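Dear colleague,

Please find the structure below, followed by a short account of what was found in it.

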Amino acid sequence: MPHKVAEYSRNSASCRSDELHTLIRRLEVISAAARQVEHDFADELASVDPQFRASAANLLHYSALRQFDLRTLQGRLAALGLSSLGRAERHVMASLKAVQEVLKSLASGSDHAFDPAPGGFAASSRLLDSHAADILGPKRPGRNARIMVTLPGEAASDPGFVDQLIHSGMDVARINCAHDNADTWAAMIANIRQACEENAASCTILMDLAGAKLRTGSLAPGPRVLHVQPGLDARGRVISPKRFRLVANGHAGGKGITIPVSEVRALRARPGDSFRFRDCRGKKRKLKVIGGGGETLRVECYKPIFIETGTRLKLFRRGKGMDREITVGELPPVEQPILLRTGDWLILHRGTRPGQPALVNKKGIVSKPAHISCTLPEVFRCVRAGEPVYLNDGKIGGIVESVTCDQMVIRITQARKRGSRLRGGKSINFPGSSLRIGGLTDKDRQDLRFVACHADAVGLSFVREPEDVDALLAALEGYGAHPGIVLKIETEQGFHNLVRLLLTAMRTYPVGIMIARGDLAIECGWERLAELQEEILWLSEAAQVPVVWATQVLEGKTRKGLPSRAEISDAAMSQRADCVMLNKGPHIIEAIEMLDNILRRMQAHHDKKTATLRKLSVADVSG
């Protein structure tokens, strides 16, 4: 019996030795593939900025590593109690070498000591931290992830508001060049610089180029009508009047509802007087004068009114009858959005002709479908019949039925049951089309004159090909400027070309990545978004460049003051990025404070994708 035990032990040892040598050979194959990719991209590596040389090589090593299906290998390494390479992003060759050396030591039965590869574990982590600080600015004490905020127009006119943003936790101020103008941007930046100086704080300025974003054109102006509604209860009964002002034509009305009229001062209207008229619907209505003087009269109404330009208002003196008549001046036109339902048709066309809703005859039959223009006419030569199209951030979907050089006919396949409204300036996405659109538009090139002089970093929107990055670098070189470059990954082409985009951008320093999850989800499919953002996080960490987690973070909190539970979970997950972006909204200060709190709490549990095992209060087993 003892000889059988010995034989079993020898066989087990032999099997274990075979297993170890199999794993060693497998890792040698992967290491050789990584070295080969580095050799194949020698020219690209030679052209990157020296500060990115090691990082670019690691990106190539990681790209080679992920060409293998490692799941079986990972399971076998884990069974031996070894690293399964699940955290190799920042230091691929060092990780591979470390595991190989341990396997060799186990196979030989020796206690072999080894040194990690040069530029290994600690050095690679320091590189990522350094690269992040150089483009995003320093970390806040107790929080590694920075907070980026898209500045509203208020930041140009209210220094106190900007001071609140920075005090609440904003580390990076984002200025979207798709909105406002150079004067507004300059005022925003001046307020940021002033607030930083007064608070001894730091705030990086990122300016996003608008890029070649497809949007709907303008809509035809609607009627010049104003709807005024008094306060109603749940049953539709009036419970309070609606108060507003009549102002002389050309006179600034201030806040609230104002209606311009032909004259005010000469009326000498007094409280208790009233204006009587018929509104747009022919309804008899009355406005009661409650105060005012000079060029303004305060009035109130107790019934809903629809009043339009040219309406005649008759002034009745209290107890004396009608005195005179005035006329309502120019009211702003009411935008008439296009209402689209499933099965409707929409014409997308070239040019600047204002869009209009469908024309419907007396029998309720559409005699002319709705139409609207497209801001980038280049798409008409790229899109094909049968390809999908999404409008207004994916809220409306359709299929392209036919395309000419001037227009495309779209059949709506996705909309709300009661119809979805399409307005001017809304996004258009063609996720199934191969769009050949340059990375820099004429507007981008004009805006770069300002950006090159004032921004710490510039965001390249809708980047698709390495040539798009080349164009930006060449334009900046022409201005003698070297701000940081943030590549916004928001198209399927940009996602698939990420490695080459990074290598091209790394010819300058510093560089970052933004996961623009809104357009990316529409372009690649909502169900794939979680998978895509994981891959972008992996590749960016391998390149040792920081990542900005963007789009709809705590959107409910920012806009309405109350986040959803899903938004809280999303904000917690965002801690794995180096920076988290909040969009503007009326509750932005509270949103910054909430995000700051979440990031600080989650930092105790996660470093990037690695769980950090702090003591859990629920795991207390002490008596």
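Arg-423 and Glu-335 are joined through their side chains by a salt bridge of 2.9 Å, N to O (a side-chain nitrogen of Lys or Arg within 4 Å of a carboxyl oxygen of Asp or Glu). Arg-423 lies in the loop between β23 (420-422) and β24, and Glu-335 in the loop between β14 (321-327) and β15 (338-340), so the pair ties together parts that are 88 residues apart in sequence. Strands (E, at least two residues) and helices (H or I, at least four) are DSSP runs, numbered from the N terminus.

This is a predicted model, in which local features need pLDDT of at least 70 and side-chain atom pairs pLDDT 80 or more, while totals for chains, interfaces and linings use all residues. Residues are numbered from 1 along each chain as its sequence is written, and side-chain values use heavy atoms, without hydrogens and water.

A second salt bridge, at 3.2 Å from N to O, connects Asp-273 with Arg-317. Asp-273 and Arg-317 are both buried (under 20% relative accessible area; exposed is over 50% and partly exposed in between, with a 1.4 Å probe and protein chains only). In the whole structure, the search finds 33 salt bridges.

An open sheet of six strands runs in the order β19-β16-β22-β21-β20-β24, with mixed pairing; strands count as paired if DSSP finds at least two bridges between them. Strand β20 (residues 388-391) pairs with β24 in the antiparallel sense over two bridges, and Leu-391 has Ile-428 in β24 as its bridge partner.

With kind regards
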